[in-house]
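Here are my notes for you, as promised.

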Amino acid sequence: MAYSAILIPHLEATDSDLRATKVETSWIASVVVVCAPLGALIGGFLMETLGRLRTLQIGAIPCVAGWILIALSTNIPMLLVGRLLTGLATALATSPAIVYITEVARPELRGSMISFGPTLASFGMVLSYLKGAFMPWRLVAWLSIIYAVVPIILVQAFVPESPVWLVSKGRVEEAKKSLEW
């Protein structure tokens, strides 16, 4: 979300290798939010059919593709498509994370755990601003791939599927193991 704040000044600079107009930079900044409803709808469908964790994993695909497109951009349409993909991925992954927490967290921890997500998002934005102050925008895009890949690896290695979803699919034994975890 915060990436446009470090990208746009570079695109509007007179010595930039990739120049953008005010209208183009407006689209670059807003396309992330414009595509969020579509990502949320797709996420809702995938959560019920494939599971919460699989939906998170699938969400990493457009995220990584989007950051690669942004980092390699040679024109404004490439940047726009990259921003669209990263926005779609953000919306796609937010709902399954929240649903998973509500399904597995103890009631007394649920609220604080859910509020931890926006806190981390805000921290990520500050981190993005800091990186943008000291690094070229393309390098920041490449580094952003880490934020999509590392959590997916950690989730895959350590987090079981939601017991609620497993029960809804008739996978009671797996749900029991997940709940015990």
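1. Start with Phe134: is it buried or exposed? In this predicted model, Phe134 has a relative accessible area of 71%, so it counts as exposed, the cut-off being over 50%. You'll find Phe134 in helix H6.

2. Together with Met1, Val33, Met125, Val126, Tyr129 and Leu130, Phe134 makes a nonpolar surface patch of about 720 Å². Helix H6, residues 107–134, gives the largest share of that patch, five residues.

3. Now turn to the inside. In soluble globular proteins, nonpolar side chains tend to be buried together. Here, the largest nonpolar core holds 19 residues. Which of them touch the most other members? They are Tyr3, Leu7, Leu11, Trp67, Ile70, Leu79 and Trp137. Two or more core residues come from each of these elements: helix H1 (3–12), helix H4 (52–72), helix H5 (76–104) and helix H7 (137–144).

4. Zoom in on Leu7. Leaving aside residues up to four places away in sequence, Leu7 touches Ile28, Leu79 and Trp137.

5. Last stop: Val149, which sits in helix H8, residues 146–158. Its relative accessibility is 33%, so Val149 counts as partly exposed, between the 20% and 50% cut-offs. How far apart are Val149 and Leu56 in sequence and in space? They are 93 residues apart along the chain, and 11 Å apart from C-alpha to C-alpha.

Note on methods:
Residues numbered from 1 in each chain as written. Predicted model: local features only at pLDDT ≥ 70, side-chain atom pairs only at ≥ 80, totals over all residues. Heavy atoms only, no water. Core = buried A, V, L, I, M, F, W, Y, C linked by side-chain atoms within 4.5 Å. Buried < 20%, exposed > 50% of the residue type's maximum accessible area, 1.4 Å probe, protein only. Helix = DSSP H or I, 4+ residues; strand = E, 2+ residues; numbered from the N terminus. Contact = heavy atoms within 4.5 Å. Patch = residues over 30% accessible without salt bridge, like charges linked within 9 Å, V, L, I, M, F, W, Y side chains within 5 Å. Areas by Shrake-Rupley, 256 points an atom, 1.4 Å probe, with all protein chains shown as cover. Salt bridge = Lys/Arg side-chain N within 4 Å of Asp/Glu carboxyl O.
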